[in-house]
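Subject: Structure for your files

Hello,

Here is the structure I said I would pass on.

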Amino acid sequence: ASASDQYFGTLFHSMLTLFMSIAGGVSWEDAIAPLMAISTVWLLAFLFYVSFTYFAVLNVVTGVFCQSAIESAQQDRAAVVQSMLENKEAH
């Protein structure tokens with residue numbers, strides 16, 4: 001089977017190749033080679049997909065996770081201060 005059939009022969013293979021490209025399961029060079037043979041437009045579409053996924057989607061997910069962790073840490077700190085004040089008032 002040719003590389004274009006292997007990576008983009010069916011819709012499932014295309015989706016799997018796109019996922020593996022951002023997850024480290026397949027080298028970009030291996031996925032790009034069949035696209036360059038077909039058309040530069042498909043190459044640019046692939047590069048746009050990878051760039052958008054890395055810089056937009058994954059950064060948003062990371063930002064949400066970090067924001068949640070920061071808020072949780074602030075609530076823990078406030079709880080500790082509140083507990084210390086309650087202990088101080090009790091004694």
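Below are my notes, going from the overall fold to individual residues.

The model is predicted, not experimental.

Overall fold. The protein contains four helices and zero strands, and from the N terminus on the order of elements is α-α-α-α. Its radius of gyration is 24 Å, well over the 12 Å that the globule rule gives for 91 residues, so the protein is more spread out than a compact globule. The C-alpha trace spans about 80 × 20 × 20 Å along the principal axes.

Surface and contacts. Of the 91 residues, 15% count as buried. The exposed surface comes to about 7,000 Å², and carbon and sulfur atoms supply 67% of that area. Taking contacts between residues at least 6 apart in sequence, 40% join residues at least 24 apart.

In soluble globular proteins, nonpolar side chains tend to be buried together. In this model the largest nonpolar core has six residues: Ala31, Ile32, Leu35, Leu43, Phe46 and Val50. Helix α3 (28–38) and helix α4 each supply at least two residues of this core. Ile32 is in contact with Leu43, Phe46 and Leu47, when its neighbours within four places in sequence are left aside.

Ser21. This residue sits in helix α2 (residues 11–23). Is Ser21 buried or exposed? Ser21 counts as buried because its relative accessibility is 2%, and the cut-off for buried is under 20%. Its side chain reaches the backbone oxygen of Thr17 at 2.7 Å. Beyond its neighbours within four places in sequence, Ser21 is in contact with Val26, Trp28, Ala31, Phe46 and Tyr54. Among these partners of Ser21, Ala31 and Phe46 also belong to the largest nonpolar core.

Lys88. This residue lies in helix α4, which covers residues 40–90. Lys88 has a relative accessible area of 66%, and since exposed means over 50%, Lys88 is classed as exposed. How far apart are the C-alpha atoms of Lys88 and Glu29? They are separated by 64 Å, with the two residues 59 apart along the chain.

Regards

How values were computed: Residues are numbered from 1 along each chain as its sequence is written. This is a predicted model: local features need pLDDT of at least 70, side-chain atom pairs count only at pLDDT 80 or more; totals for chains, interfaces and linings use all residues. Side-chain values use heavy atoms; hydrogens and water are left out. Buried means under 20% relative accessible area, exposed over 50%, partly exposed in between (1.4 Å probe, protein chains only). The radius of gyration is taken over C-alpha atoms; the globule rule is 2.2 Å times the number of residues to the power 0.38. Contact means heavy atoms within 4.5 Å. Accessible areas come from the Shrake-Rupley method with a 1.4 Å probe; for residues, only the protein chains shown count as cover. A nonpolar core is a set of buried Ala, Val, Leu, Ile, Met, Phe, Trp, Tyr and Cys residues joined through side-chain atoms within 4.5 Å. A polar contact is a pair of N or O atoms within 3.5 Å; within protein, one must be able to donate a hydrogen and the other to accept it, and residues adjacent in sequence count only if both atoms are side-chain atoms.
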